[in-house]
Amino acid sequence: MKWFNKQSRLIQILLLLIPGVNWITEVIVRLTAVIEKPTLTNIIGLIFGVFIPCIGGWIDLIWCLLFKHLLFAD
């Protein structure tokens, strides 16, 4: 999670724009968030990212544009 948040906004957006890379990036970031800080929101985010990859990826893209991190990833 720290790696993703340290990247520039352009890199974050590019990683979230490419469909296959989007899902892999999202799962890795959410998994590391759960490992680093196993809170309920991080666990919900992991479930959200794994089971709703298409819609969740676009929501995460917009969320990242607005707030500089993924939805449900503190």
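A salt bridge is a side-chain nitrogen of Lys or Arg within 4 Å of a carboxyl oxygen of Asp or Glu. In this predicted model, D60 and R30 form such a salt bridge, and their closest N and O atoms are 2.7 Å apart.

**The charged network**

- E26 and R30 are separated by about one helical turn, because they stand four residues apart in helix α3.
- Through the partners that these salt bridges share, E26, R30 and D60 are joined into one network.
- E26 has a relative accessible area of 0% and is therefore buried, R30 is likewise buried with a value of 1%, and D60 is buried as well.
- When neighbours within four places in sequence are left aside, R30 is in contact with G45, L46, F48, G49, D60, L70, L71, F72 and A73.

**The nonpolar core**

- The largest nonpolar core contains 11 residues, namely M1, F4, I13, L15, L16, V29, A33, L61, C64, L70 and A73.
- Helices α2 (9-17), α3 (19-36) and α5 (53-67) each contribute at least two residues to this core, and the largest share, three residues, comes from α2.
- A33, one of the core residues, touches M1, P38 and N42, if residues up to four places away in sequence are not counted.

**The nonpolar patch on the surface**

- W23, I24, I28, I43, I47, V50, F51, I52, I55 and I59 form a nonpolar patch on the surface, and together they have about 900 Å² of accessible area.
- At least two residues of the patch are supplied by each of α3, α4 (40-51) and α5, while α4 gives the most, with four residues.
- I59, which is a member of the patch and is found in helix α5, has a relative accessibility of 34% and so counts as partly exposed, given that this class lies between the limits of 20% and 50%.

How values were computed:
Residues are numbered from 1 along each chain as its sequence is written. This is a predicted model: local features need pLDDT of at least 70, side-chain atom pairs count only at pLDDT 80 or more; totals for chains, interfaces and linings use all residues. Side-chain values use heavy atoms; hydrogens and water are left out. A nonpolar core is a set of buried Ala, Val, Leu, Ile, Met, Phe, Trp, Tyr and Cys residues joined through side-chain atoms within 4.5 Å. Buried means under 20% relative accessible area, exposed over 50%, partly exposed in between (1.4 Å probe, protein chains only). Contact means heavy atoms within 4.5 Å. Patches are made of residues with over 30% relative accessible area and no salt bridge: like charges are joined within 9 Å, nonpolar side chains (Val, Leu, Ile, Met, Phe, Trp, Tyr) within 5 Å. Accessible areas come from the Shrake-Rupley method with a 1.4 Å probe; for residues, only the protein chains shown count as cover.
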